[in-house]
Amino acid sequence: MTLREWTAKITPPDAAAMEEARRRQAQLAKPPGSLGRLEDLSVQLAGVTGRVHNKIEKKHLLVFAADNGVVDEGVSSAPRSVTLSQTINLTRGKTGAATLCKHFGCTITVCDVGVAADIREKAVLCRKIAYGTKNIARGSAMTREECERAVLTGIELAAETDADVLGVGEMGIGNTTTSSAVLAVLLDAPVETVTGRGGGVTDEAFTRKKAVIQKAIAINAPDRNDALDVLAKVGGFDLAAMCGAFLGAAATRRPVVIDGLISAVAALCACRICPDVRAYLVPSHASYEIGYRIAAQELGQEPCLLLGMRLGEGSGCPVMFQILRAACAVMDGM
């Protein structure tokens with residue numbers, strides 16, 4: 001299926017089911033609104049599935065891994081090789097997100113869409129578009145055709161997964177730079193208002209990071225009204241595939257959890273491609289990254305968890321899955 005065909009499958013939430021869910025919440029043995037966000041989430045789930053009573057049993061995290069050519073500009077505190085090693089570690093249950101998935105009984109798919117190395121680990125799904133993107137400070141990250149392939153990869157993986165809820169994470173050194181660039185363009189915002197330190201760069205590297213993003217935007221002149229153009233010119237394969245995963249979840253009427261900054265920017269791209277995606281989004285934790293707050297505000301999303309997390313990888317998703325299960329339990333059991 002084409003991207004246009006997939007987005008045509010995305011419809012608004014079921015208003016009748018949401019109203020029925022609100023009526024049930026009003027009948028439960030508690031003061032109205034006393035369970036706060038749990039009530040809101042149960043109503044949102046009704047809109048997503050068309051059912052008042054829902055179960056969150058199969059939980060799945062999709063992690064997209066890719067390298068970003070912009071690391072050549074010295075914008076990251078970690079070497080490019082970390083993308084490869086952590087991609088493999090995710091499949092071995094050794095990273096933060098993988099450990100949380102194991103603890104909470106979530107399955108995980110780690111997909112290579114652009115790691116700059118051959119991965120022989122069979123547990124890593126290979127959907128490589130290229131061996132990393134090009135350096136956005138010197139030209140477009142990828143072609144538009146490559147970008148669309150990455151988006152479709154994310155859509156198809158999400159659609160193929162039979163989980164009740166999906167989470168979207170990433171692994172890619174340099175992707176706080178690309179995501180900040182994409183966010184700055186989409187919101188027509190000054191670079192310094194959306195750019196944080198990422199993995200903890202020095203003051204000198206942080207200054208360079210902001211200058212590189214400004215240069216990349218000036219050189220590539222992405223069209224802020226065309227999310228695919230923005231992703232292709234200053235984004236990354238990981239971001240594009242994540243954008244697709246949000247679209248795929250919505251097309252198959254499943255709730256989909258946003259992780260931190262990179263995940264939120266990918267969700268914003270999906271909403272720019274198809275605004276109805278917004279109804280399927282569930283935020284997890286409030287990321288410390290400055291751009292996250294702005295992206296969440298643009299999405300109309302208020303994070304549910306205040307845990308001081310900023311790891312990435314999709315680490316907020318397994319925790320948020322449990323909150324969604326609690327919302328279902330309240331609706332079903334009270």
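Which residues have the most contacts inside the largest nonpolar core? I found Phe64, Val182, Phe246, Leu247, Val277 and Leu281, in a core of 77 residues. The model is predicted: local features need pLDDT of at least 70, side-chain atom pairs count only at pLDDT 80 or more, and totals for chains, interfaces and linings use all residues. Residues are numbered from 1 along each chain as its sequence is written, and side-chain values use heavy atoms, with hydrogens and water left out.

A nonpolar core here is a set of buried Ala, Val, Leu, Ile, Met, Phe, Trp, Tyr and Cys residues joined through side-chain atoms within 4.5 Å. Buried means under 20% relative accessible area, exposed over 50%, and partly exposed in between (1.4 Å probe, protein chains only).

I looked up Leu247 next. Leaving out residues up to four places away in sequence, Leu247 touches Leu3, Thr7, Ile10, Val151, Ile155, Ala270, Ile273, Cys274 and Val277; contact means heavy atoms within 4.5 Å. Apart from this core lies another, of 29 residues, including Leu61, Ile88, Phe321 and Leu324.

Is Ser287 buried or exposed? Ser287 is buried, because its relative accessible area is 6%. With residues up to four places away in sequence not counted, Ser287 touches Gly260, Leu261, Tyr292 and Met309. A polar atom of the Ser287 side chain lies 3.1 Å from the backbone nitrogen of Glu289.

Last, I checked Asn89, which is partly exposed at 23% relative accessible area.

Notes
Polar contact = N/O pair within 3.5 Å; in protein donor to acceptor, adjacent residues only side chain to side chain.
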